[in-house]
Amino acid sequence: MTGPYDPGRMPYMIGGPDPSLLAELAGKLRDDPEVTIRRIVGPPERPSLLAVDMPPARAGALQAQYGTRLTIEPDAPVELY
């Protein structure tokens, strides 16, 4: 089973100002066995956000590869006060 309960995988949100870059990344991540795409926000050809599950090391590698062109942050449930 893949998903947020897999050992070693954590939920992440990936966003950025360039929808074409996010679409390209989504295509690459679909074929990555370390990554599960949970949700694509927006049209697939111009997404605004990707919700994925992946190991922290993979998230770090993506951040190093894309630098400031993408924001990759751990996804956490919203807590109401």
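Predicted model: local features only at pLDDT ≥ 70, side-chain atom pairs only at ≥ 80, totals over all residues.
Close-up 1. The side chain of D75 meets that of R38 in a salt bridge, with 3.2 Å from N to O. R38 belongs to strand β2, whereas D75 lies in the segment after β4 (71–74), so this pair ties together parts that are 37 residues apart in sequence. R38 is also partly exposed, with a relative accessible area of 37%.

**Close-up 2. The network of D32, E34 and R58.** Salt bridges that share partners join these three residues, D32, E34 and R58, into one network. Between R58 and D32, the closest N and O atoms are 2.7 Å apart. R58 is in helix α2 (residues 56–66) and D32 in the loop between α1 (19–30) and β2 (36–41), and 26 residues separate the two. Both R58 and D32 are buried. R58 also forms a salt bridge with E34, where the closest N and O atoms are 3.8 Å apart. E34 lies in the loop between α1 and β2 and R58 in helix α2, so this pair ties together parts 24 residues apart in sequence. E34 is partly exposed, its relative accessible area being 38%.

Close-up 3. R9 is found in the segment before β1 (10–15). R9 counts as buried because its relative accessibility is 15%, and the buried class is under 20%. The R9 side chain reaches the backbone oxygen of P33 at 2.8 Å. A polar contact of 2.8 Å also joins the side chain of R9 to that of T36.

Note on methods: Residues numbered from 1 in each chain as written. Heavy atoms only, no water. Helix = DSSP H or I, 4+ residues; strand = E, 2+ residues; numbered from the N terminus. Buried < 20%, exposed > 50% of the residue type's maximum accessible area, 1.4 Å probe, protein only. Polar contact = N/O pair within 3.5 Å; in protein donor to acceptor, adjacent residues only side chain to side chain. Salt bridge = Lys/Arg side-chain N within 4 Å of Asp/Glu carboxyl O.
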